[in-house]
Amino acid sequence: MKDEKNVSKVFMIIAVIYVTCLLLSNIIAGKMWALTSSVTLPAAVILFPITYIFGDIFTEVYGYKKARTIIWLGFGMSFFAVAIYLITIALPHPGFWENQDAYAVVMGTTPRVACASFLGYLFGEFSNSMVLSKLKVKTNGKKLWLRTILSTVVGEGFDSVIFITISFWGTMDNKTVLQMILFQYLFKVIYEVILTPVTYIVVKKLKNVEGIDTYDYNIKYHILKG
């Protein structure tokens, strides 16, 4: 078995993919998708659930502590990206530049929405990782499908409720906000359930390549260190 303290090339590659999916999700979130005539979702739902799948993979293969590092890395890069977007929007533009307003709409964000996004991400990702980690120990590593689905139900629940509530509560009627939470939550959970076979394939391959199958026995689930 490899030394779990080392960071492999494979780990670095999937970490980059994870952060890339997260950053792209934040950019495309401003695009609204009319799923039906009565159901509208942010376009990020086509990509953001993949970050939870990667979260499951990190926790299942490398353990909670490594997953925690990746979660904070994703948070830091998202915060950095938002800061750069706001700085570039604020830069004075020449008179011939006619796309300032469009650029600001696509790349900009309000403090309220940014706060909602960051909090939803942290609560969602950490709860997802903790639930999966604890269930792996309790099930002796069996029923991966059950563990990934249950952790998704919890994690995506936190993310959807926190993000939608903070972003939109008070700006539209309560019924619409609750519908947005429900539809977004159901879509993301179903999305990940459908991709469960892919998760199985990736997890099995990674365990074989890395020679690692981590169980989080007797650890403390701190989000910072421990």
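This briefing covers helix packing and aromatic pairs. The model is a predicted one. Helix α1 (residues 9-28) packs with helix α2 (residues 48-62) and with helix α8 (residues 196-210). The count of aromatic pairs comes to 14.

**Helix α1 with α2**
- The axes of α1 and α2 come within 8 Å and cross at roughly 155°.
- Angles over 145 degrees count as roughly antiparallel, and α1 and α2 are therefore roughly antiparallel to each other.
- Their crossing is left-handed.
- On the α1 side, the contact residues include Val 10, Phe 11, Ile 14, Ile 17, Tyr 18 and Leu 22.
- On the α2 side, Phe 48, Ile 50, Thr 51, Phe 54, Phe 58 and Tyr 62 make the contact.
- By class, this contact has 13 nonpolar, two polar and no charged residues.

**Helix α1 with α8**
- α1 and α8 pack at an angle of about 150°, with axes 10 Å apart.
- Val 10, Phe 11 and Ile 14 of α1 meet Leu 206, Val 209 and Glu 210 of α8.
- Five nonpolar residues, no polar ones and one charged residue make up this contact.

**Aromatic pairs**
- Among the 14 pairs, Trp 72 and Phe 126 have ring centres 5.7 Å apart and planes at 55°, so this pair is tilted.
- Trp 72 lies in helix α3 (residues 64-90) and Phe 126 in helix α5 (residues 111-138), so the pair ties together parts 54 residues apart in sequence.
- Trp 72 is partly exposed, at 27% relative accessible area, whereas Phe 126 is buried, at 4%.
- Tyr 215 and Tyr 217 have ring centres 5.7 Å apart and planes at 10°, so this pair is stacked.
- Tyr 215 is partly exposed, with a relative accessible area of 26%.
- Ring pairs link Trp 72, Phe 75, Phe 79, Phe 118 and Phe 126 into a cluster.

Technical notes: Residues numbered from 1 in each chain as written. Predicted model: local features only at pLDDT ≥ 70, side-chain atom pairs only at ≥ 80, totals over all residues. Heavy atoms only, no water. Axes fitted to C-alpha atoms, helices over the stretch in contact; angles between N-to-C directions. Helix = DSSP H or I, 4+ residues; strand = E, 2+ residues; numbered from the N terminus. Parallel < 35°, antiparallel > 145°, perpendicular 65-115°, else oblique. Left-handed = near helix turned anticlockwise from the far one by under 90°. Contact = heavy atoms within 4.5 Å. Nonpolar A, V, L, I, M, F, W, Y, C, P; charged D, E, K, R; others polar. Phe/Tyr/Trp six-rings, centres within 6.5 Å; stacked < 30°, edge-to-face > 60°. Buried < 20%, exposed > 50% of the residue type's maximum accessible area, 1.4 Å probe, protein only.
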